[in-house]
Amino acid sequence: MLAVTPFIPLSELAFRRQKIADLLPKSSLVILPANPILTRNSDIELPFRQESMFWYFTGINQPNACLSIYKDMRGVTEFSLHIEDINEELEIWNGKRMRVEEASSVSGLSSVFYISEQCDQIPHLLNKARSLWVTAGHNANHVLHHFFPQIAVNKKLNSVSIKRALSQLRMYKSDWEIEQLIHSANLNISAHQATKKLLDSAANLSEFHLQAELEYYWKRVGCTFSYPAIVAAGNNATTLHYVQNTSPISPADLVLIDAGCEYNYYASDITRTWSQSQASSAQKAIVDAVQKAHTAALFITNQQGSSILDVHKAATLSLIDSLIELKLLPGTKAEILESGSYAEFWPHSTSHWLGLDTHDFGQYKNESSQSIQLEQGLIFTIEPGLYIPQTADVPKEFQGIGVRLEDNIAITKTGAVNLTSHLEC
Ligand SMILES: [Mn+2]
């Protein structure tokens with residue numbers, strides 16, 4: 001298979017731009033910078049990855065550009081794309097950048113300019129617009145300042161109503177997006193299967209051997225990772241974002257692998273916790289507890305009228321039951337819920353949206369602060385876990401055990417579908 005050059009069909013781009021034009025409030029300005037090139041060290045650059053919101057509306061995969069969307073008082077929306085000026089000397093080293101004609105045909109946008117040709121347009125719109133959204137923070141500010149030094153982007157201008165409009169679009173995936181996500185999930189399942197095979201067949205492994213297997217598989221099918229893989233043996237698995245992946249794996253360890261690939265810029269995100277030998281009874285009890293919580297959460301996704309918070313509640317209640325049964329937490333269920341003491345072992349949420357970003361853009365509550373209902377087009381994870389560090393005040397056999405079980409769920413016309421269920425647990 002050839003490496004996948006990220007692309008978005010023109011029809012998809014046109015649909016998204018029409019939708020945002022409908023959803024935006026009048027007199028609003030949205031400024032979406034592309035990512036810059038980041039330096040690794042000296043004159044070596046980090047691999048480029050486009051900023052997701054800019055990508056979503058343009059399909060332009062080069063750095064240092066900016067899309068502005070302006071909806072005026074009459075309700076007419078204009079899209080303007082600014083791209084980097086051509087620097088022929090730099091092109092000798094870095095290859096060709098898009099000319100305006102190419103950027104126009106890739107994006108389907110008619111208003112495309114080199115930045116030096118029209119650097120007063122955005123400041124002009126800024127004066128007119130009543131509400132503003134800027135993709136600020138991360139790396140994007142850098143591009144804005146580079147392009148439009150006269151803009152102070154940190155003026156607390158981000159607008160709640162524009163964020164809602166953007167969320168409304170990004171959260172509910174089109175059929176084409178769901179196809180990309182399913183493909184990403186399937187490639188990732190195969191990578192995890194290859195990794196399980198290695199874990200089952202080889203001795204004296206370290207965590208990085210498993211990471212290498214995942215990355216080797218993804219690379220061979222033209223993908224990259226969607227976030228740095230977590231390969232955590234034994235107590236390392238109790239650190240939620242453990243990414244060092246340097247420790248040797250002992251046959252007595254459970255190994256938590258939380259890893260995802262990115263196919264055509266769409267992420268998958270799977271976690272399994274496996275062991276090389278027979279798990280101890282304490283390990284098995286924790287694995288069972290997490291599986292039960294996963295089943296409880298998954299059940300809720302297929303109940304009419306459930307919300308994303310209901311999914312989390314179901315997992316949490318199930319985990320609390322198990323913690324009481326295993327005598328790992330004192331108190332009654334009500335007391336544990338009330339005090340939140342379960343957070344010592346279960347500190348994160350059950351779900352996040354999944355899409356162009358692993359933790360995808362979108363809101364978890366609607367305008368009336370109600371949890372988002374599960375509706376067609378939503379894609380999210382279910383990932384209950386229990387993490388009992390070596391330092392926890394529990395019987396020794398339970399110390400140093402971290403378990404998480406994560407699948408990717410799509411809400412379709414006919415109900416919830418677990419896209420990653422055919423990877424063994
Ligand atoms: Mn996740």
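Guide: Two strands count as paired if DSSP finds at least two bridges between them. The model discussed here is a predicted one.

Visitor: In which order do the three strands of the open sheet stand?
Guide: Strands β14 and β17 pair in the antiparallel sense over four bridges. β17 (residues 407-412) is also joined by four bridges to β18 (residues 415-418), and these two strands run antiparallel. The order is β14-β17-β18.

Visitor: Which residue of β18 stands opposite Ile409?
Guide: β17 and β18 form a hairpin, with two residues between the strands. Within this pairing, the residue opposite Ile409 is Asn418.

Visitor: Which residue of β17 is the bridge partner of Thr381?
Guide: The pairing of β14 with β17 is antiparallel and comprises four bridges. The partner of Thr381 in β17 is Asn408.

Visitor: How far apart do the C-alpha centres of domain 1 and domain 2 lie?
Guide: The domain assignment divides the protein chain into domain 1 (10-171) and domain 2 (175-418). The distance between their C-alpha centres is 34 Å.

Visitor: Which helix gives the largest share of the side of domain 1 that touches domain 2?
Guide: The contact between the domains takes ten residues from domain 1 and twelve residues from domain 2. On the domain 1 side, α2 (52-58) and α7 (160-171) each supply at least two residues. By class, this side has five nonpolar, two polar and three charged residues. The largest share, five residues, comes from α7.

Visitor: At what angle do α1 and α7 pack?
Guide: The contact is made by Arg16, Lys19, Ile20 and Leu23 of α1 and by Ala165, Gln168 and Leu169 of α7. These residues divide into four nonpolar, one polar and two charged. α1 passes α7 in a right-handed crossing. With the axes 9 Å apart, helix α1 (residues 10-23) and α7 pack at an angle of about 145 degrees.

Visitor: Is the crossing of α8 and α9 left-handed or right-handed?
Guide: The axes of helix α8 (residues 175-201) and helix α9 (residues 207-220) come within 9 Å and cross at roughly 145 degrees. Residues in the contact include Leu187, Ala191 and Leu198 of α8 and Leu210, Leu214 and Trp218 of α9. By class, the contact has nine nonpolar, three polar and one charged residues. The crossing of α8 and α9 is right-handed.

Visitor: What radius of gyration does the protein chain have?
Guide: The protein chain has twelve helices and 18 strands. Its C-alpha atoms fill a box of roughly 70 × 50 × 40 Å along the principal axes. For 425 residues, a compact globule would have a radius of gyration near 22 Å, and the chain agrees with this at 24 Å.

Note on methods
Residues numbered from 1 in each chain as written. Predicted model: local features only at pLDDT ≥ 70, side-chain atom pairs only at ≥ 80, totals over all residues. Domains from an automatic or database assignment. Contact = placed C-beta atoms within 7 Å. Nonpolar A, V, L, I, M, F, W, Y, C, P; charged D, E, K, R; others polar. Axes fitted to C-alpha atoms, helices over the stretch in contact; angles between N-to-C directions. Left-handed = near helix turned anticlockwise from the far one by under 90°. Rg over C-alpha atoms; globule rule 2.2 N^0.38 Å.
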